[in-house]
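Hi everyone, thanks for coming along. Today I'd like to talk about charged side chains and how they pair up. Let me put the sequence and the structure on the screen.

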Amino acid sequence: IILTMFAIVAILSPAAMSCVGKTLVIGAGGTLQQEVLAEMLGLLISERTGTTVKVVKYTSHGDAHQALIKADLDMYVEYTGVGQVTILHDQPIADPGELYKEVKERYNQELNLVWLKPFGFTDERYAPEGTVAEAAPVVRKDTLKKFPALARLINKLGGAVDDATMKELESATVAGNSKDVARKFLKEKRFI
């Protein structure tokens, strides 16, 4: 028995064991948009890497942000306007490019969080007065260290969801299941 155990340990080298048992946790706010985007991220990651992914629902951006800071989450989708005004407690920035650049830089320096490429749509519901609101995945730096190919994989979704597509995805989610809607989108666009 002891020889068998040694043989198993020798076969399962540290490199092979490094991925065993790792689960990536993605947060989703309490909206259809948040649910379908979180499922989209989860399916892309699990289908392309084999990593186990769990989607956890939160009622507010603040709750999801705090969970990310405490490492209860690995990532969630945030909106640039919410990040700038609600999370960073700073002044609104009207220019979308400047707003994204500012939140990306400050989250990186002050919070050890990384903003990946925006999905490609804006949503005025998440735009505090004086901003525009682009949605993008926000990921913990230590998660990106554990999963080195993650940023490049997720950034493939950058610019892939325009305003009209997002409306279609939300409408489809009302009538169906957010995971099924996300899977259909990813397959149609050949992401999975």
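Okay, one term before anything else: a residue is buried under 20% relative accessible area, exposed over 50%, and partly exposed in between, using a 1.4 Å probe and protein chains only. Now, what you see is a predicted model, where local features need pLDDT of at least 70, side-chain atom pairs count only at pLDDT 80 or more, and totals for chains, interfaces and linings use all residues. Residues are numbered from 1 along each chain as its sequence is written, and side-chain values use heavy atoms, with hydrogens and water left out.

So what are we looking for? Side chains of opposite charge can pair when their charged atoms come close. I'll call it a salt bridge when a side-chain nitrogen of Lys or Arg is within 4 Å of a carboxyl oxygen of Asp or Glu. How many salt bridges does a search of the whole structure find? Eight.

Let's start with Glu47 and Arg183, whose closest N and O atoms are 3.1 Å apart. This pair links distant parts of the chain, with Glu47 in helix 3 (residues 32-49) and Arg183 in helix 10 (residues 178-188), 136 residues apart. By helices I mean DSSP runs of H or I with at least four residues, and strands are E runs of at least two, numbered from the N terminus. Glu47 counts as partly exposed because its relative accessibility is 45%, and Arg183, at 26%, is partly exposed too.

Next, helix 6 (residues 96-111). Glu110 and Arg106 both sit there, four residues apart, about one turn of the helix. Their closest N and O atoms are 2.7 Å apart, and they form a salt bridge. Arg106 counts as buried because its relative accessibility is 16%, while Glu110 is partly exposed at 47%. Bring in Asp90 and you get a network of salt bridges linking Asp90, Arg106 and Glu110.

Then there's Arg140 with Asp142: another salt bridge, 2.9 Å between the closest N and O atoms. Arg140 is buried at 15%, and Asp142 is partly exposed at 31%.

Last one: Glu39, back in helix 3. Leaving out residues up to four places away in sequence, Glu39 touches Val55, Ser178, Lys179 and Ala182, where contact means heavy atoms within 4.5 Å.
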